[in-house]
Amino acid sequence: MTLSVSAVIATYNRGPELRIALTRLMTQTTPPMEIIVIDDGSSDGTGAMMRAEFPTVRYVRQPHNAGLILARNFGFVNTTGDCILSVDDDSWFEDPDGLARCVAYLEKNPEVAAVACNIETRDGLVYFPKGAAPFDVPWYVGCGHLLRRSAVEQVGLYMPELYRQGEEKDRCLRLVGAGYRVVALPDVMVYHDKSEKGRKPGMERFYNHRNDLIREVARCPSALMAWRLARTWAGNSWKNLRGGPRLTDLKVLLALPEILRIGRKHRAPVSVEAYNRWLHLAKTAAPASAPPTEKRAADKPVSRAASRPVAAERPSPARSD
């Protein structure tokens with residue numbers, strides 16, 4: 001059976017970038033059967049551009065900026081494809097058959113809930129070793145992945161309270177807990193032009209730290225909770241210490257009541273077995289996080305993943321009914 005595809009693109013004040021992303025997506029050899037663009041309150045003329053240049057694309061403008069995650073949830077519940085493609089408003093497939101290859105992999109592997117494309121950024125960072133065979137990963141990246149709708153319906157939408165960042169990790173942990181696999185396709189390249197519009201490093205560090213803690217409260221088995229909260233706090237604090245302003249930890253500390261409230265509201269821990277498997281993948285096969293200053297011997301930066309041993313494919317735990 002051929003799986004149908006709906007594409008969801010969230011955008012905010014990136015009209016020129018969105019034009020390129022849509023044009024590239026619509027020229028795929030097998031384009032999505034429907035595309036929905038959720039405009040999260042843009043004020044740069046994005047709406048006029050969409051009506052004039054992309055009349056066949058469904059365009060929905062939110063009345064105010066409600067966050068990337070809420071926009072992606074809106075796109076999911078307002079599309080009908082068997083699969084949901086997510087690309088950012090500044091990302092696109094490098095090859096014309098990239099989407100077709102993602103769909104083909106899901107068709108052949110029904111236990112796979114999501115495929116993570118290989119992301120290449122404008123500064124040359126490559127997330128996975130090019131040419132490697134498909135392998136299991138702990139999460140996909142928001143700017144280039146394909147989801148199986150039936151699997152997402154089983155585990156649920158993104159937590160809207162996360163607002164931005166970290167939603168991929170939480171959903172993939174839930175998918176692993178339900179017995180599914182998340183698989184990287186290193187030969188399917190998505191180029192991320194990584195527009196600087198709307199990017200605030202301090203805000204990103206805060207939400208990364210905050211949302212990792214929320215995920216632990218919501219998904220971590222009780223027996224591992226104390227250790228994982230301490231480990232997550234220490235790891236993110238070290239990253240923040242290296243990354244710039246030192247106020248992030250204080251802001252997260254002040255947000256602890258909110259973190260606990262949100263985590264307890266969504267509390268649905270996975271099994272210890274599934275959680276440990278996800279942690280193992282996070283250590284051995286996570287998408288790269290190498291800084292742009294890390295230079296390749298030749299002409300481009302390279303991710304740490306390029307020198308990391310690739311996790312072998314393993315059968316996932318049996319899916320629970």
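This is a short tour of a predicted model, going from its core to its surface and then to a loop.

**Stop one: the core.** Start by selecting Leu 22, Met 50, Leu 85 and Leu 146, the residues with the most contacts inside the largest nonpolar core, which has 87 residues. Next, colour strand β6, residues 112-121: seven of its residues belong to this core, and β6 gives the most to it. Now show domain 1 (5-192) and domain 2 (201-269); both give residues to the core, so it lies between them. In soluble globular proteins, nonpolar side chains tend to be buried together.

**Stop two: around Leu 22.** Which residues is Leu 22 in contact with, leaving aside its neighbours within four places in sequence? Select Ile 9, Ile 35, Val 37, Met 50, Phe 54 and Val 57 to see them.

**Stop three: a surface patch.** Move on to Leu 247, Leu 250, Leu 253 and Leu 254, which make a nonpolar surface patch of about 420 Å². Leu 254 sits in helix α9, residues 248-254. With a relative accessible area of 66%, Leu 254 is exposed, because that is over 50%.

**Stop four: the loop between α5 and α6.** Finish between α5 (149-155) and α6 (167-177), where the loop holds Tyr 163. Gln 165 is found in this loop too. Most residues other than glycine have a negative phi. Here, though, phi of Tyr 163 is positive, near 70 degrees, and Gln 165 has a positive phi of about 75 degrees. Are these two residues buried or exposed? Tyr 163 is partly exposed at 27% relative accessibility, whereas Gln 165 counts as buried at 15%.

Definitions and conventions
Residues numbered from 1 in each chain as written. Predicted model: local features only at pLDDT ≥ 70, side-chain atom pairs only at ≥ 80, totals over all residues. Heavy atoms only, no water. Core = buried A, V, L, I, M, F, W, Y, C linked by side-chain atoms within 4.5 Å. Buried < 20%, exposed > 50% of the residue type's maximum accessible area, 1.4 Å probe, protein only. Helix = DSSP H or I, 4+ residues; strand = E, 2+ residues; numbered from the N terminus. Domains from an automatic or database assignment. Contact = heavy atoms within 4.5 Å. Patch = residues over 30% accessible without salt bridge, like charges linked within 9 Å, V, L, I, M, F, W, Y side chains within 5 Å. Areas by Shrake-Rupley, 256 points an atom, 1.4 Å probe, with all protein chains shown as cover. Salt bridge = Lys/Arg side-chain N within 4 Å of Asp/Glu carboxyl O.
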